[in-house]
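Here's a quick briefing on how some of the chains in this model meet, plus a look at a couple of single residues. Have the structure open while you read.

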Number of protein chains: 4
Amino acid sequence: MLSFVNDYSEGAHPAVLQRLIDTNMEQLPGYGRDRYCSSAARKIAEACSCPQAQVFFMAGGTQTNQTIVSCILKPWQGLVAADTGHVNVHEAGAIEAVDHKVLTVEGDRGKIRPDTLDSYLEGFYADGNHEQMVFPGMVYISHPTEYGTLYTRQELEQLSDICHRYEIPLYLDGARLGYGLVAPGTDVDLDDIAALCDIFYIGGTKVGALCGEAVVFPKGDAPEHMSTMIKRRGALLAKGRLLGIQFDALFTDDLYKRISRNAIDTATMIKEALRERGYQIYMDSPTNQTFVRLDNRKMEELAEHVAFDFWERSDADHTIIRFATSWATSIEDTKALIDLL
Amino acid sequence: MLSFVNDYSEGAHPAVLQRLIDTNMEQLPGYGRDRYCSSAARKIAEACSCPQAQVFFMAGGTQTNQTIVSCILKPWQGLVAADTGHVNVHEAGAIEAVDHKVLTVEGDRGKIRPDTLDSYLEGFYADGNHEQMVFPGMVYISHPTEYGTLYTRQELEQLSDICHRYEIPLYLDGARLGYGLVAPGTDVDLDDIAALCDIFYIGGTKVGALCGEAVVFPKGDAPEHMSTMIKRRGALLAKGRLLGIQFDALFTDDLYKRISRNAIDTATMIKEALRERGYQIYMDSPTNQTFVRLDNRKMEELAEHVAFDFWERSDADHTIIRFATSWATSIEDTKALIDLL
Amino acid sequence: MLSFVNDYSEGAHPAVLQRLIDTNMEQLPGYGRDRYCSSAARKIAEACSCPQAQVFFMAGGTQTNQTIVSCILKPWQGLVAADTGHVNVHEAGAIEAVDHKVLTVEGDRGKIRPDTLDSYLEGFYADGNHEQMVFPGMVYISHPTEYGTLYTRQELEQLSDICHRYEIPLYLDGARLGYGLVAPGTDVDLDDIAALCDIFYIGGTKVGALCGEAVVFPKGDAPEHMSTMIKRRGALLAKGRLLGIQFDALFTDDLYKRISRNAIDTATMIKEALRERGYQIYMDSPTNQTFVRLDNRKMEELAEHVAFDFWERSDADHTIIRFATSWATSIEDTKALIDLL
Amino acid sequence: MLSFVNDYSEGAHPAVLQRLIDTNMEQLPGYGRDRYCSSAARKIAEACSCPQAQVFFMAGGTQTNQTIVSCILKPWQGLVAADTGHVNVHEAGAIEAVDHKVLTVEGDRGKIRPDTLDSYLEGFYADGNHEQMVFPGMVYISHPTEYGTLYTRQELEQLSDICHRYEIPLYLDGARLGYGLVAPGTDVDLDDIAALCDIFYIGGTKVGALCGEAVVFPKGDAPEHMSTMIKRRGALLAKGRLLGIQFDALFTDDLYKRISRNAIDTATMIKEALRERGYQIYMDSPTNQTFVRLDNRKMEELAEHVAFDFWERSDADHTIIRFATSWATSIEDTKALIDLL
């Protein structure tokens, strides 16, 4: 059975695993104070062209979003996100569990349009009653978004400008960042993100690691006592090395981007095959997720041979499904999928 | 200067104040264990035709909503509300401050339409991924709504049916309940609410009391240790008598409804005058709030002589404003306002 | 039946009640923006000799403690209190409900000894592992304490010095402050407290008001958006006037202290009578609470004629009970109690 | 440089790592729904002699304690722990961060004595005022404790009896459980723990895994929607396989206990050597931690050649230090340490 069900089906990229094997019996300090965490942080800072950057490692995306929100927002503030944002929909209330409201604005295929954000913020402060409302305290975007779409550099610049005009930080969730950085047509690289966002995380779980996300404060202005606050959220691994070693490997010799390209190449093969065969691409997205609208009968046929993600019902006879590729997707499997289409 | 700015501008209704005066030097037990709290609870239960009802008193509406939510919802649940609901917009994140998400559905002039609720709940459980989402755990409605509109009995029956089909309680915020109960054309009385809602509160602050809301569990199924949970939210007054005595007065000889009628009578005078003079009523509502769309020049003229609530900008030249009446609004003031229009 | 069971058995002091009556039909803005709140704040600031002081009103003590803690502490900090402190024992977890730990130090008859605090803070920072511990973020003391004892000015100076050396605020819970200010032998007046504490509250509920506590930031350095944070905790009354008017009355013509003296005078009569009759005073305290150790038979006899508070079992045959007096305690009742002893 | 600083200095036990290597490219479902999680759960249930047991995997100990507390305690309840308990001292307030108080009882070398617990619970319910206090809702013990000590079976039976008499669950933190199970003289095995505790976790991070703890509900009575609640705490790994595979390896062919013995053997060598040489063992404990009181000069000499944990200052001239061993400690290193002593 072929599987295109998600981008976290395998373990670690072999090169990452090898580093875990090679270092396994080294005795290292705990709680992220080991030399691999330092080295990984340094390499990430370099990749961001931000020597002053501070980097923290956590195990998963929801944990990261929750911890960052709880460290950054003031008690009277909420997190501005697209209505479709992961923090709003698929984190089981993790943001509210740390006492903060998700303030939603209408998303455009997963993205927050700069003009939408601007209107929202202007409207908030124009409302004379806003002292009894939740203040916008940080803006959350994902890149790629939950729909695989990407911001342009100009859009990020505009969002960044708006945030800074209102003196609130811009936070980017990069759970699938690698796939965004190497997508065809993107003009956004890691140093752009570091220059335009106040906080962001580089996803490891979906891009070559067993687990792990690297939170970056590109300006080196992380709140004080971060490690205590990470501990308090249950997010500080005793063996922080597990995260440091993996990110050290991922940011050695550009491995992070190199392995990401496979996901794009295979996704592009799938998208082209779908277009050639006249399938209806549901949402045009340049990264590793492909959304397609299928006749239900066809979907059921496919489901006998390949695992994919049910996305949503389209109408009585049609369904939107998703094929996800990753660093681990083989050309053979991709061709086999195409043959089935 | 006339004031129609809100419905909590004065102190207590004179009859309520008189009871506070009469009982002032009585020595009574603390924390709601006094005989006036008991008597008020009994009278409210009678007014609801629910002898088994349990009643708790708290000082204000946001506190009440927050405390009830924290007592009723399970950790994995959120509160379903109209996007315009007070809990979603104007409580400064009090629901999130007790760890719960407000799950919004599109409101219809402040109300949740039964079909909207039904679709939302059906859609939630149809989503295969809902295990990582916030589960709907209680439905919040206000009656009158924030826009002064009212549910019909049939609508409440439908909402109640839907909630019970999904085994979640229906909670009614009655901050202005008195004004709803005596509004022209309503077919919803207190015993209907008690029969159809699982929890509701009867607003005192806006209907004759100095402060205070009475939470009713009509089936007598309040969670255990309610008083500890109320204390834990800072919502248990040492001199619980302050609330008990006021509600005892309000529910003696039907005072609660009797004083509510004045708000309706004066609001009706205003609405009729507006219609006669060709003003554009912004939202038709049968209770004590009147929303009207004014030319900005007219609005500025009016503002020299009367205080009202700015509601929202309509267009460059027009604004929506609100006139609120209450038990305390005098016929003289109402006539003076009408003369100004 | 005589009652000495607590100091919140009656309603408001008649002069306070009269002000509520006199102002009842005045139309005033909501949420503490009325002129009585302003006037009360100004009078309190004067009484503290701190013209720059900021004053906020809340309805009760637990609510006040909870709200202040949630506004002041950073996420990695806890509240240092005596093990017997009200916040640690009798607030149903209200501090933890806003996410903060109560860090206890051993109390000395309700008080924190300066050397105890100093050792605790020194020890905390001496522990190399403290990055994974809860940092002391504010010191909580009560004055009078839960045992009716008082700090001397020197002790307050020492506590204040220690706190400032560690750069954490000193917070004083003055639920019964009036009774402390006029106690025999005290050298601590309101302006001492204002000079030495960073935040404190002046208790109204137990000293003449129907409800209400006045939080004072004597340096005028309240956190930004306090009113939003108060609202978010459900602690912002729509009719803020209820608190403003009462405190305005209490701080007019020194009423607050004048009415407090009655509690001391009557408590002193009781203490003297007990001593004369050879009763064993359990804890020597100069304020309105009197703790006495009684033979159980005697206790049961007394209980037929007078209500008092059971404090704790002493041994199989003896019990500690508490007589509380207040502004409302009459000389007649006091004499009647003494006759029974 | 030798290191005896803690028991989480190395990566995974080689056999555990091998399983990660062998399974690395298998495509598996996410979020703990893979076959290794199922298999590990089944093997753990067997090892506990509890076929009905339910098992959940989380990444670290603080996260596990926090999540379990937030799933089990009711809003009015706190967690009873020894004053020295990890949850009280070294988790940066993670329990309070999920809104619950740690109710401390005096510990006896890390343990809660059954009579201490009994008195505490009896005293709590004897206090007439307990409705405004935090109710004891679960008892937390660690085994081995933070001091390396162990409960006897009789003590666990007594604690279990007391808990069940008061209808609250007994929860055991087994961060170092392996080292306890194979300690000399213990009469407590895994099936005793499963029979006597309501919830417990089997520590992986300190006993052979890269990360991971296995929470066991031996009666199969885990709360509903556990996976949503785990997600909401940021504790649900997308690649749940990382935990499942490791625990599957640890519970295959008794690996968990087999590798634990090395820690005991090496610790025993150290303890014997210390005794022979006349060192003062600070606290007698049969597991992998050895606490010894050293002359500061001696300590400084040692510190040049071996890393150990500073525990606490004993007096001006002496210090308590800790040597920790683990599954990874070599006989050579142990002998080298002994030579230095």
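Chain A and chain B bury about 1,500 Å² between them, and carbon and sulfur atoms give 47% of that. Buried area here is the accessible area (1.4 Å probe) that two parts lose on being put together, summed over both. Keep in mind that this is a predicted model, where local features need pLDDT of at least 70, side-chain atom pairs count only at pLDDT 80 or more, and totals for chains, interfaces and linings use all residues. Residues are numbered from 1 along each chain as its sequence is written, chains are lettered from A and ligands numbered from 1 in the order in which they are written, and side-chain values use heavy atoms, with hydrogens and water left out.

**Where chain A meets chain B**

- On the chain A side, His90(A), Glu96(A) and Lys101(A) lose the most area to chain B, together 35% of what that side buries.
- In terms of contacts (heavy atoms within 4.5 Å), 17 residues of chain A touch 17 residues of chain B.
- There are 2 salt bridges between these chains, a salt bridge being a side-chain nitrogen of Lys or Arg within 4 Å of a carboxyl oxygen of Asp or Glu.
- Glu96(A) pairs with Lys101(B) in a salt bridge, with 2.7 Å between the closest N and O atoms.
- Chain A and chain B also have 8 residue pairs in polar contact, both residues at pLDDT 80 or more. A polar contact is a pair of N or O atoms within 3.5 Å; within protein, one must be able to donate a hydrogen and the other to accept it, and residues adjacent in sequence count only if both atoms are side-chain atoms.
- The elements giving two or more residues to chain A's side are α4 (86–89) and α5 (94–97). Helices (H or I, at least four residues) and strands (E, at least two) are DSSP runs, numbered from the N terminus.
- That side of chain A splits into 6 nonpolar, 6 polar and 5 charged residues. Ala, Val, Leu, Ile, Met, Phe, Trp, Tyr, Cys and Pro count as nonpolar, Asp, Glu, Lys and Arg as charged, and the others, Gly among them, as polar.

**How the two copies are related**

- A 180° rotation with 0.0 Å of shift along its axis puts chain A on chain B, with an RMSD of 0.0 Å. The two copies are thus related as by a two-fold rotation axis.
- Both copies use the same surface, as 100% of chain A's contact residues recur in chain B.
- The superposition is by least squares on the C-alpha atoms of residues with pLDDT of at least 70 in both copies.

**Where chain D meets chain A**

- Here 42 residues of chain D are in contact with 42 residues of chain A.
- The buried area is about 3,900 Å², with 55% from carbon and sulfur atoms.
- Tyr8(D), Gln27(D) and Lys239(D) supply 17% of the area chain D buries against chain A, more than any other three residues.
- The salt bridge count between chain D and chain A is 0, while 24 residue pairs are in polar contact, both at pLDDT 80 or more.
- Elements giving two or more residues to chain D's side include α1 (14–23) and α11 (241–250) of chain D.

**A single residue to look up**

- Thr67(B) sits in helix α3 (residues 61–72) of chain B.
- Thr67(B) is buried, at 0% relative accessible area; buried means under 20%, exposed over 50%, partly exposed in between (1.4 Å probe, protein chains only).
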